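Trainee: Here is the model to go through. Could we take it from the overall layout down to single residues?

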Amino acid sequence: VDMRLRPSGRQGPVATAIQSFTSYQMDEAWTWEHLALTRARPVAGTPDLAEAVEAARLAVMAAKGGADKVLPDTAEMRDRIFAAKAADGAWEAKIGPGRLQDIELLAQSCALRAAAPARRVEAQLRAGQRAGSLTKEDEAALQEAYRFLWRLQAGGRLLTENPLDMDAIGEGGRAFLLRETGASELDQMASRLEGHTSRAASIIAHCLQPSETGAG
């Protein structure tokens, strides 16, 4: 456990009361903390405590999800993420516009705005569609992109700890990735990667425009 990450910083207590946690989330927390809350779950403690934490989580999301600053704050966070780390190679699946991290950020904003209890990305995107933050077509495109990118990411991590290099992983590695992503050849996999990320990035940029109040 990294003790520097305790609730009140280096000088604060190791743990916080549920009432203090709720008050902080309601009165002081930033939007990025509310986005993180969409993925939060109890991992230890009594059932009563777990129920109290979940109730607090949903109450905070219901109170904060409708704030006007959610979209611009999410867009600003997106820009900061891109500025902090660029995509690592042509086959990058996680970092960059329209890639896994980008889709996950939008999914969290969808869950927050809808005050949806869903924690998984796919369910958060569905919640966004039901709430009107995404059209059915855009939600389907993001789901397809997410599944493709996840298979590419997971497959690549099984083959190498380094940035994915098709020459370095050999013929067997390439065949494995083609099978996992449903592509028949590398050119087709590269085309799908470009198509999915381009479409996803466009959808996300549109959704995070502050002037947009719905799917449009």
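Trainee: Of the contacts in the chain with a separation of 6 or more, what share comes from residues 24 or more positions apart?
Mentor: This is a predicted model, and totals for the chain use all residues. Among contacts with a separation of 6 or more, the part made by residues 24 or more positions apart is 60%.

Trainee: How many helices and how many strands does the chain have?
Mentor: From the N terminus on, the elements run α-α-α-α-α-α-α-α-α. The count of secondary structure is therefore nine helices and zero strands.

Trainee: What percentage of the residues in the chain is buried?
Mentor: The C-alpha trace spans about 55 × 45 × 35 Å along its principal axes. A residue is buried when its relative accessible area is under 20%. Of the 216 residues in the chain, the buried ones make up 39%.

Trainee: How are α1 and α3 oriented to each other?
Mentor: Two packed helices are described by the angle between their axes and the distance between the axes. For α1 (residues 18–27) and α3 (residues 47–64), the axes come within 10 Å and cross at roughly 15°. Angles under 35 degrees count as roughly parallel, so α1 and α3 are roughly parallel.

Trainee: Which residues of α1 and α3 make that contact, and how do they divide by class?
Mentor: The crossing of α1 past α3 is right-handed. On the α1 side the contact uses Ile18, Thr22, Gln25 and Met26, and on the α3 side Ala52, Val53, Ala56, Ala59, Val60, Ala63 and Lys64. By class, the contact of α1 with α3 has eight nonpolar, two polar and one charged residues.

Trainee: Is the crossing of α5 past α7 left-handed or right-handed?
Mentor: The contact is made by Leu100, Ile103, Glu104 and Leu106 of α5 together with Leu142, Ala145, Tyr146, Leu149, Trp150 and Gln153 of α7. These residues divide into eight nonpolar, one polar and one charged. As for the hand, α5 passes α7 in a crossing that is left-handed.

Trainee: Which residues are in contact with methionine 166, leaving aside neighbours within four places in sequence?
Mentor: Methionine 166 is in the loop between α7 and α8 (170–181). At 6% relative accessibility, methionine 166 counts as buried. Its contacts beyond those neighbours are Trp91, Arg174, Leu177, Leu186 and Met189.

Trainee: How many Å separate glycine 172 and leucine 159, C-alpha to C-alpha?
Mentor: Glycine 172 lies in helix α8 and counts as exposed, at 56% relative accessibility. Glycine 172 and leucine 159 are 13 residues apart in sequence, and their distance in space is 9.9 Å.

Trainee: What type of aromatic pair do tryptophan 30 and tryptophan 32 form?
Mentor: A search of the whole structure finds one aromatic pair. The ring centres of tryptophan 30 and tryptophan 32 are 6.5 Å apart, with the planes at 75°. Planes over 60 degrees apart meet the cut-off, so the pair is edge-to-face.

Trainee: Are those two tryptophans buried or exposed?
Mentor: Tryptophan 30 has 56% relative accessibility and counts as exposed. Tryptophan 32 has a relative accessible area of 43%, which makes tryptophan 32 partly exposed.

Trainee: What is the value of phi at alanine 115?
Mentor: Alanine 115 is found in the loop between α5 and α6 (121–131), and is partly exposed with a relative accessible area of 28%. Most residues other than glycine have a negative phi. Alanine 115 has a positive value, near 50°.

Notes: Residues are numbered from 1 along each chain as its sequence is written. This is a predicted model: local features need pLDDT of at least 70, side-chain atom pairs count only at pLDDT 80 or more; totals for chains, interfaces and linings use all residues. Side-chain values use heavy atoms; hydrogens and water are left out. Axes are lines fitted to C-alpha atoms, for helices over the stretch in contact, and angles run from 0 to 180 degrees between N-to-C directions. Helices (H or I, at least four residues) and strands (E, at least two) are DSSP runs, numbered from the N terminus. Angles under 35 degrees count as roughly parallel, over 145 as roughly antiparallel, 65 to 115 as roughly perpendicular and the rest as oblique. A crossing is left-handed if the near helix is turned anticlockwise from the far one by less than a right angle, and right-handed if clockwise. Contact means heavy atoms within 4.5 Å. Ala, Val, Leu, Ile, Met, Phe, Trp, Tyr, Cys and Pro count as nonpolar, Asp, Glu, Lys and Arg as charged, and the others, Gly among them, as polar. Rings of Phe, Tyr and Trp (its six-membered ring) pair if their centres lie within 6.5 Å; planes under 30 degrees apart count as stacked, over 60 as edge-to-face and the rest as tilted. Buried means under 20% relative accessible area, exposed over 50%, partly exposed in between (1.4 Å probe, protein chains only).
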